[in-house]
Amino acid sequence: MDEATRSWLLAQLGTATNLADLDARYTRLGKARAVAIEVLNQRLADLFSNQPASVTIPNAIGLGYAENIKAIERKIALLEAADAPPAPDEPADNTSDDDTDPGWSIVQLIERPRR
């Protein structure tokens, strides 16, 4: 895995992510986007299995993990979306069908007669 891909993965997953684990997953999966989705799915599964969605001690404290779960689900959906920005190891899609890209053209300049 090159440095640009590693930096992209750390930006998607956080700097506390184990680099050896990322390298092993990248070797197995071959794509940075697949690695990011797999890590996020594992984090989501860990949240579901290890912790209740909320813990409340009456008159003392209340903790909720529902927003963390929603945030991870949104991140997974963003990475799986068809219009998501490409990862560094993915080719950029230059075959857009919209007319917003002016492209290249040739223009002939003609001198106007002076008065």
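How many helices and strands are there in the protein chain? In this predicted model, the protein chain contains four helices and two strands. Read from the N terminus, these elements follow the order α-α-α-β-β-α. The chain comprises 115 residues, of which 23% count as buried. Its accessible surface amounts to about 8900 Å², and carbon and sulfur atoms account for 54% of that area. Among contacts between residues at least 6 apart in sequence, 53% join residues that are at least 24 apart.

The largest nonpolar core consists of 18 residues, and Trp 8, Leu 9 and Leu 13 have the most contacts inside it. At least two residues of this core are supplied by each of helix H1 (3-13), helix H2 (19-29), helix H3 (32-50) and helix H4 (66-80). H3 provides the largest share, with eight residues. In soluble globular proteins, nonpolar side chains tend to be buried together. With residues up to four places away in sequence left out of the count, Trp 8 touches Ala 32, Arg 33, Ala 36, Leu 79, Pro 86, Ala 87 and Pro 88.

Leu 22, Arg 25 and Tyr 26 are the residues of H2 that are buried. Viewed down the helix axis, the buried residues of H2 fall within an arc of 100 degrees, so they line one face of the helix. On the face turned away from this buried side, H2 carries the exposed residues Ala 20, Thr 27 and Arg 28. The N-terminal end of H2 is capped by Asn 18, a side-chain oxygen of which lies 3.0 Å from the backbone nitrogen of Ala 20. Just after H2, Gly 30 adopts a positive phi of about 85 degrees.

Charged side chains were considered in turn. Seven salt bridges are found in the whole structure. In one of these, the side chains of Arg 6 and Glu 3 meet with an N to O distance of 3.5 Å. Both residues belong to helix H1, where a spacing of three residues separates Arg 6 and Glu 3 by about one helical turn. Arg 6 is buried, with a relative accessible area of 18%, whereas Glu 3, at 53% relative accessibility, counts as exposed.

Arg 6 also forms a salt bridge with Asp 23, and the closest N and O atoms of this pair are 3.1 Å apart. This pair links distant parts of the chain, as Asp 23 lies in helix H2 and Arg 6 in helix H1, 17 residues apart. Asp 23 is partly exposed, its relative accessible area being 28%.

A further salt bridge connects Arg 33 with Glu 90, with the closest N and O atoms 3.0 Å apart. Arg 33 is located in helix H3 and Glu 90 in the segment after H4, so the pair ties together parts that are 57 residues apart in sequence. Arg 33 is buried, with a relative accessible area of 12%, while Glu 90 is partly exposed, with a value of 23%. Arg 33 is also one of the residues touched by Trp 8.

Methods
Residues numbered from 1 in each chain as written. Predicted model: local features only at pLDDT ≥ 70, side-chain atom pairs only at ≥ 80, totals over all residues. Heavy atoms only, no water. Core = buried A, V, L, I, M, F, W, Y, C linked by side-chain atoms within 4.5 Å. Buried < 20%, exposed > 50% of the residue type's maximum accessible area, 1.4 Å probe, protein only. Contact = heavy atoms within 4.5 Å. Arc of directions from axis to C-beta. Polar contact = N/O pair within 3.5 Å; in protein donor to acceptor, adjacent residues only side chain to side chain. Areas by Shrake-Rupley, 256 points an atom, 1.4 Å probe, with all protein chains shown as cover. Salt bridge = Lys/Arg side-chain N within 4 Å of Asp/Glu carboxyl O.
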